[in-house]
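Hello,

Here is the structure I promised to hand over. Please open it first, then read my notes below.

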Amino acid sequence: MNIKDSDGEEKKAAFFDDFMEKCKKYPLGSMPKRDLDCLIFFLLKKHGLIPGTTNRDKAYSLGISETRFKSYLVDADAKFGERDPEESIRRIFGKLNGGESGASVEGDTLTFFEDDPIVKADFSQAIKEAGFYTDTSFNSEIIRVKAASFLSFARAKGYLADDKILAILNKGKDDADKIQNFKDANKSMKDIMQDVFGILKGQEKFGIQTIAELFTYVSGVVQAKHDGGRA
């Protein structure tokens, strides 16, 4: 097994302190082996001691298969997870904003990459709770969601304001009038966002760059909400 040595002593000390604190809850020898393995994995991940940028790299550094690595991700989170599911939403928007997700727009569908099964599950559940759905049937690490649904989700979460939608359109009176007409017609938010996406697609320069501008704005709002909540 290979673990990170860079800025290692401080991280290793934090790992050890956390490990000892967790072990205090169990009589000696009473923790099942799988739980012990999950605890060690959880703390290695928490303290950034697993080398590699992809799941495959990280799995190999630990001397295990990628499939087993993913099973540890899920089990360790279930047993010892301390995360906020909203953190997964922030991560998704942050990655989309930073161009780390390999995002693309295919027809009316937004497609992007997410290799962490916990983050993917949190995001899919949040989308579902908002009344929309994702498709991961093509590849377990690829998320596909209708662009209009994604925009509706971001707006419902308070991450996308109407004025920003108008600003990213053609910034012309015609598009502003169209949006107002959508609202006056008492359309559902999903239908409004479908119409918005239709306008975006009609722009000559439409593409992932246009969506990226939305990501940049939305991720900033998400982070600001997060920072404000911690204050």
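Start with Glu114, which sits in the loop between β2 (109–113) and α6 (117–129). Helices (H or I, at least four residues) and strands (E, at least two) are DSSP runs, numbered from the N terminus.

A word on the source. This is a predicted model, where local features need pLDDT of at least 70, side-chain atom pairs count only at pLDDT 80 or more, and totals for chains, interfaces and linings use all residues. Residues are numbered from 1 along each chain as its sequence is written, and side-chain values use heavy atoms, with hydrogens and water left out.

Back to Glu114. Its relative accessibility is 1%, so Glu114 counts as buried. Buried means under 20% relative accessible area, exposed over 50%, and partly exposed in between (1.4 Å probe, protein chains only).

The side chain of Glu114 makes a polar contact with the side chain of Arg91, at 3.2 Å. A polar atom of the Glu114 side chain also lies 2.9 Å from the backbone nitrogen of Asp116. A polar contact is a pair of N or O atoms within 3.5 Å; within protein, one must be able to donate a hydrogen and the other to accept it, and residues adjacent in sequence count only if both atoms are side-chain atoms.

Leaving aside residues up to four places away in sequence, Glu114 touches Arg91, Ile92, Lys95, Val119, Lys120, Glu141 and Ile143. Contact here means heavy atoms within 4.5 Å.

Next, a helix pair. Helices α2 (residues 33–46) and α4 (residues 66–80) pack at about 95°, with axes 9 Å apart. Axes are lines fitted to C-alpha atoms, for helices over the stretch in contact, and angles run from 0 to 180 degrees between N-to-C directions. That angle makes α2 roughly perpendicular to α4 (65 to 115 degrees). Among the residues that meet are Phe41 and Phe42 in α2, and Phe69 and Tyr72 in α4.

Now α3 (residues 55–62). Its buried residues are Asn55, Ala59, Ser61 and Leu62. They fall within an arc of 160° seen down the axis of α3, so they line one face of the helix. The arc is that of the directions from the helix axis to the C-beta atoms. What covers these buried residues includes α2 and α4. Gly63 follows α3, with a positive phi near 75°.

Finally, the whole chain. It has 11 helices and four strands. Of its 231 residues, 39% count as buried.

Best wishes

Definitions and conventions. Angles under 35 degrees count as roughly parallel, over 145 as roughly antiparallel, 65 to 115 as roughly perpendicular and the rest as oblique.
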